[in-house]
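These are my notebook entries on one structure. I wrote down what I looked up, in the order in which I looked.

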Amino acid sequence: MNGAITFSIIKPNAVRTGKAGPILAMINEAGFEVIAMKMVRMTLEQAESFYEVHKGKSFFDSLVEFMSSGPVFVMILRHENAVEEFRKLIGATDPAKAEPGTIRKLFAISVQMNAVHGSDSDENAQRESDFFFTTSERY
Ligand code: CMP
């Protein structure tokens, strides 16, 4: 059975430019229920740990520097088949390849500053949710 939750981050570029509200509205309109949310500014070390699967890749240092450059919104979202449905809503990692009407097509400015993160598997949705939220912070 496909999982009921996914994890998302509204990235620093989108928060900085006032796009968190419009992005949250799209998430809501698409039928996702926010079951946990907070605004945090990651330390460089936290960003390195969160993105550890990408360690060693050419974009890693730049990615973690960017992700710790300002506050982000982190959230757990509930929806049937959440991981896959959310990835449809946000579009491809590279905004140039994202479908029209997706969050990244509308709000991303580059592959790195691609406005939102969404988990790529049920396993990572759990790991990423646990990274930021205790059980009592989920509703
Ligand atoms: P995200 O969904 O947050 O997961 C990992 C991030 O790494 C991804 O979105 C992009 O922002 C970034 N990323 C992936 N591939 C590249 C790339 N080729 N160049 C720069 N950044 C990348």
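Entry 1. Where does methionine 113 lie? I found methionine 113 in the loop between α6 (103-107) and β4. My helices (H or I, at least four residues) and strands (E, at least two) are DSSP runs, numbered from the N terminus.

I note the source before going on: this is a predicted model, in which local features need pLDDT of at least 70 and side-chain atom pairs count only at pLDDT 80 or more, while totals for chains, interfaces and linings use all residues. Residues are numbered from 1 along each chain as its sequence is written, and side-chain values use heavy atoms, with hydrogens and water left out.

The cut-offs I use are under 20% relative accessible area for buried and over 50% for exposed, with partly exposed in between (1.4 Å probe, protein chains only). I then looked up its contacts (heavy atoms within 4.5 Å). Leaving aside neighbours within four places in sequence, methionine 113 is in contact with Asn13, Phe66 and Ala108. I also looked up leucine 63, which is 50 residues from methionine 113 in sequence and 8.8 Å from it in space, C-alpha to C-alpha.

Entry 2. Which residues surround the ligand? I listed Lys11, Tyr51, His54, Phe59, Leu63, Thr93, Arg104, Val111, Gln112, Asn114 and His117.

Tyrosine 51 has a polar side-chain atom 2.6 Å from a ligand oxygen atom. For arginine 104, I read 3.2 Å from a polar side-chain atom to an oxygen atom of the ligand. In asparagine 114, an N or O atom of the side chain is 3.3 Å from an oxygen atom of the ligand. The protein buries 75% of the 450 Å² that the ligand exposes when taken alone. Areas come from the Shrake-Rupley method with a 1.4 Å probe; for residues, only the protein chains shown count as cover.

Entry 3. I turned to strand β1 (residues 5-10). Six of its six residues are buried, so β1 is largely enclosed by the rest of the structure. Ile5, Phe7 and Ile9 point one way from β1, and Thr6, Ser8 and Ile10 point the other way.

Which strands pair with β1? Strand β3 (residues 72-78) does, in the antiparallel sense over six bridges, and so does strand β4 (residues 116-118), also antiparallel, over three bridges. Pairing needs at least two bridges between the strands, as found by DSSP. Isoleucine 10 has phenylalanine 73 of β3 as its bridge partner, and serine 8 stands opposite glycine 118 in β4.

I looked up phenylalanine 7 of β1 on its own. Its relative accessible area is 0%, and phenylalanine 7 is buried. Not counting residues up to four places away in sequence, phenylalanine 7 touches a list of residues including Phe50, Val74, Ile76, His117, Gly118 and Phe132.

Entry 4. Which residues of α5 are buried? In α5 (82-90), I found Ala82, Val83, Phe86, Leu89 and Ile90 buried. They cover an arc of only 125° around the axis, which puts them on the same side of α5. The arc is that of the directions from the helix axis to the C-beta atoms. The buried residues of α5 pack against β1, α2 (20-29), β3, α6, β4 and α7 (122-132). Just after α5, glycine 91 has a positive phi of about 85°.

In α2, the buried residues are Ala20, Ile23, Leu24, Met26 and Ile27. Down the axis of α2 they fall within an arc of 155°, so they line one face of the helix. Glycine 31 follows α2, with a positive phi near 95°.

Entry 5. I finished with serine 68, in the loop between α4 (60-67) and β3. With 11% relative accessibility, serine 68 counts as buried. Its side chain reaches the backbone oxygen of valine 64 at 2.8 Å. Beyond its neighbours within four places in sequence, serine 68 is in contact with Arg41, Met42, Thr43, Leu44 and Ala47.

Technical notes: Near = heavy atom within 4 Å. Polar contact = N/O pair within 3.5 Å; in protein donor to acceptor, adjacent residues only side chain to side chain.
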